[in-house]
Amino acid sequence: MKRTKRNGNEMFKVYKKEIEVAGKKISLETGKVARQADGAIIASCGETVILATVVGAKKVNPDMDYFPLSVNYQEKYYAGGKIPGGYFKREARPTESETLISRLIDRPIRPLFPDEFKNEVQLLPTVISYDKENQPDVLAIIASSAALAISGMPFMGPVGASRVGFVDGKYILNPSKAELENSSLDLVVAGTKDAVLMVESEANGLTEEEMLNAVKFGHEGFVPVIEMIEELAKECRKPEWTVDKKDLSEVKKKLEATFTDDLKKAFATKDKQDRSNQISEITDKAKKLYEEDENYTDLDVNSQLKSLEKSIVRTDILKNKNRIDGRGLSDVRAISCEVGILPRTHGSALFTRGETQAIVVATLGTSDDEQRLESLDGQHRERFMLHYNFPPFSVGETGRIGTGRREIGHGKLAWRAINSSLPSKEAFPYTFRIVSEITESNGSSSMATVCGTSLALMDAGVPIKEPVAGIAMGLIKEGDDFSVLSDILGDEDHLGDMDFKVAGTKDGITSLQMDIKITGITFEIMEQALKQAKDGRVHILGEMNKALGESRADVGKHTPKMEQVTVDKKDIAAVIGKGGATIREIVEKSGAKVDVNDEGVVTVAAPDEESRNIALQMIKDITAKAELNKIYSGKVMKIMEFGAFVNFLGKQDGLVHISELADKRVAKVTDVVKEGDEVKVKVIGFDRGKVKLSMKQAAE
């Protein structure tokens with residue numbers, strides 16, 4: 001590490017730290033750019049550069065009952081030397097990738113602010129240079145953490161992050177994009193020096209042990225980065241903010257004495273709606289106790305009531321092993337699975353687990369249906385899309401309809417869980433779109449989406465490698481005492497210390513997402529959670545198999561019939577025809593969609609088998625090669641003095657010389673044939689790509 005105070009310019013007082021991680025230099029610099037922000041960091045790795053700024057409101061809104069932290073990660077197109085597409089030619093609303101990375105940054109940072117801190121905080125990590133090798137997401141987490149660490153805000157960090165790959169049985173720290181292409185794991189882990197706070201991953205069927213070791217490897221890899229941030233903060237951290245903490249001990253005592261029994265009774269109610277109604281009534285009564293007391297607000301009362309609820313539920317689980325709905329710690333709620341529930345869709349499933357339910361629909365399309373995406377890496381096409389919808393009626397509420405960060409994040413988690421099980425494009429040329437409609441929710445609707453997606457794809461006849469299921473795990477921890485919960489309810493998620501989602505097949509993990517709300521989780525707890533999750537996952541797969549254990553043998557009757565054939569590259573022009581005339585003729589006569597790529601792969605998509613077969617036969621005729629000594633049926637297309645041209649194989653013509661028209665001397669070609677005659681011809685030779693035919697030898 002080194003420090004540079006001045007940079008040849010007396011205007012700036014620059015602080016800089018550098019460290020080498022996995023053979024790559026990471027540097028953090030502050031003091032030159034964005035000096036009016038509370039914290040500003042320029043972080044670089046290779047030629048990828050992030051500017052991360054953070055600003056906090058100096059006054060708190062007294063009506064604020066949550067921590068208003070906003071993280072808006074942005075990728076500027078100039079960073080990669082690009083001009084945005086579209087009409088306006090400027091960066092517009094966040095892309096799905098930017099939204100997901102914003103969540104990635106938010107998740108390990110949010111738990112490290114004290115509960116009483118309610119000032120609005122805006123964190124803006126921006127990619128201002130990108131080298132297409134060093135990915136900006138992990139660097140953005142590091143830069144954001146450093147900006148907070150020097151800001152003076154009550155941030156209990158810093159946080160570090162790293163990416164882990166797995167190639168040929170070896171872990172790779174912060175792999176390049178090229179290295180990730182051959183990796184069976186793409187895992188991002190973030191946390192403090194002492195604990196892991198966040199994991200996001202996609203895997204190709206790794207074991208629980210391999211995943212746990214990957215998390216350990218990643219954690220060890222970012223500890224030096226945290227130490228670098230700490231060194232930087234020692235030199236240039238701004239004065240610490242003071243955070244007022246109101247004494248609510250009297251409120252807490254009064255609420256405990258008045259409502260403990262009522263809350264215990266409410267949390268013994270298994271039905272979610274009944275339980276919610278009882279808690280709402282208790283909340284109203286609690287507020288009325290203090291409506292004449294100007295010393296305490298409704299927010300003060302509500303915060304202490306929530307604290308009491310948390311204490312009651314957590315104590316019952318830890319001491320008595322009693323969960324809200326009466327299950328054991330490792331029990332999974334009752335499951336019901338149905339497939340083929342919608343008559344006109346290509347594939348459908350209804351997955352119900354307790355009070356969580358999803359209708360999941362699979363639609364199969366052609367390459368024209370692929371999603372076209374633009375990013376700093378350029379334009380690419382996505383063959384698999386998964387869209388998750390969470391309407392307010394699923395939790396018995398009214399509310400906004402639309403796609404927010406939550407919907408995008410949950411959809412991507414399910415996408416990662418399923419992606420590695422899909423067949424290759426060569427083996428199954430369809431495009432896939434999955435839509436998950438959450439119709440009821442009480443815990444882990446994203447994992448219900450994973451299960452429903454697996455069933456809907458199999459119902460659609462997609463030959464997935466293996467069925468995939470998912471389960472959400474929870475944690476209650478006080479001191480050294482802890483309980484790991486399988487298949488958590490919504491309340492157990494809100495009142496617990498961990499949200500740990502695991503998806504995979506019966507043999508291995510395909511996706512792992514973890515968010516920790518405390519700093520004391522150990523790898524021993526993670527190991528138990530992974531083991532317990534596998535038992536739950538296998539149980540869920542068993543229930544799914546009762547509805548459908550493997551993919552249907554063929555796609556449904558309403559699904560486009562698709563097939564791929566490969567033609568010689570020399571025949572591509574013949575299939576397309578002059579100005580696209582031939583391929584248009586195939587489409588018009590067959591009713592199928594036909595696509596030809598530069599490698600000679602012809603994809604035919606038709607509404608039914610008859611249409612598909614007509615198109616395939618026409619392509620076969622166009623590309624078929626004449627065989628020597630073989631007899632064909634043909635049609636006389638043109639008469640010349642020296643012979644007749646006969647169309648005998650698709651679009652292919654050949655010449656019957658006048659001497660090969662009949663077994664006697666022929667004075668005029670028209671004495672034997674005329675245009676439009678159907679004739680038999682034999683291939684007798686080839687001359688510089690032209691085919692020589694004989695009617696005489698065909699007759700013999």
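At what angle do helix H5 and helix H6 pack, and how far apart are their axes? I looked this up first: H5 (residues 249–267) and H6 (residues 272–289) pack at about 170°, with axes 9 Å apart. Axes here are lines fitted to C-alpha atoms, for helices over the stretch in contact, and angles run from 0 to 180 degrees between N-to-C directions. Helices (H or I, at least four residues) and strands (E, at least two) are DSSP runs, numbered from the N terminus.

Ground rules, before I go on. This is a predicted model, so I note that local features need pLDDT of at least 70 and side-chain atom pairs count only at pLDDT 80 or more, while totals for chains, interfaces and linings use all residues. Residues are numbered from 1 along each chain as its sequence is written, and side-chain values use heavy atoms, with hydrogens and water left out.

**H5 and H6**

I put H5 and H6 down as roughly antiparallel because of that angle; the cut-offs are under 35 degrees for roughly parallel, over 145 for roughly antiparallel, 65 to 115 for roughly perpendicular, and oblique for the rest. On the H5 side I found Leu-255, Phe-259, Leu-263 and Phe-267 among the residues in contact, and on the H6 side Ile-279, Ile-282 and Leu-289 are included. Contact means heavy atoms within 4.5 Å. I sorted the residues of this contact into nine nonpolar, two polar and five charged. In this scheme Ala, Val, Leu, Ile, Met, Phe, Trp, Tyr, Cys and Pro are nonpolar, Asp, Glu, Lys and Arg are charged, and the others, Gly among them, are polar.

**H13 and H14**

Next I checked H13 (residues 581–590) against H14 (residues 609–623): the angle is about 150° and the axes are 9 Å apart. H13 and H14 are therefore roughly antiparallel too. H13 passes H14 in a right-handed crossing; a crossing is right-handed if the near helix is turned clockwise from the far one by less than a right angle, left-handed if anticlockwise. Thr-582, Glu-585, Ile-586, Lys-589 and Ser-590 are what H13 brings, and they meet H14 residues including Ile-614, Met-618 and Ile-622. By class I get six nonpolar, three polar and two charged residues.

**H2 and H4**

The axes of H2 and H4 (residues 208–236) come within 9 Å and cross at roughly 30°. That makes H2 roughly parallel to H4. This crossing is right-handed. Ile-142, Ser-145, Ala-146 and Ala-149 in H2 meet Val-225, Ile-229 and Ala-233 in H4. I count six nonpolar, one polar and no charged residues there.

**The inside**

How many cavities of 30 Å³ or more are there? I get one. A cavity is a set of points on a 1 Å grid over the protein atoms alone where a 1.4 Å probe fits but cannot get out, and lining residues have an atom within 4 Å of a point. The largest cavity has a volume of about 190 Å³. Of its 14 lining residues, Cys-45, Asn-134, Gln-135, Val-138 and Asn-174 are closest to the centre. H2 gives the largest share of the lining, three residues. The lining has eight nonpolar, four polar and two charged residues.

The Gly-157 to Pro-158 peptide bond is cis, omega near 5°, and I place Pro-158 in the loop between H2 and E8. Asp-168 has a positive phi, near 55°, and is not a glycine; Asp-168 lies in the loop between E8 and strand E9 (170–173).

Conventions: On a 1 Å grid over the protein atoms alone, a cavity is a set of points where a 1.4 Å probe fits but cannot get out, and a pocket is an open set with protein on both sides within 12 Å along at least five of seven lines; lining residues have an atom within 4 Å of a point. Grid points are joined across faces, edges and corners, and a volume is the space filled by probe spheres set on the points.
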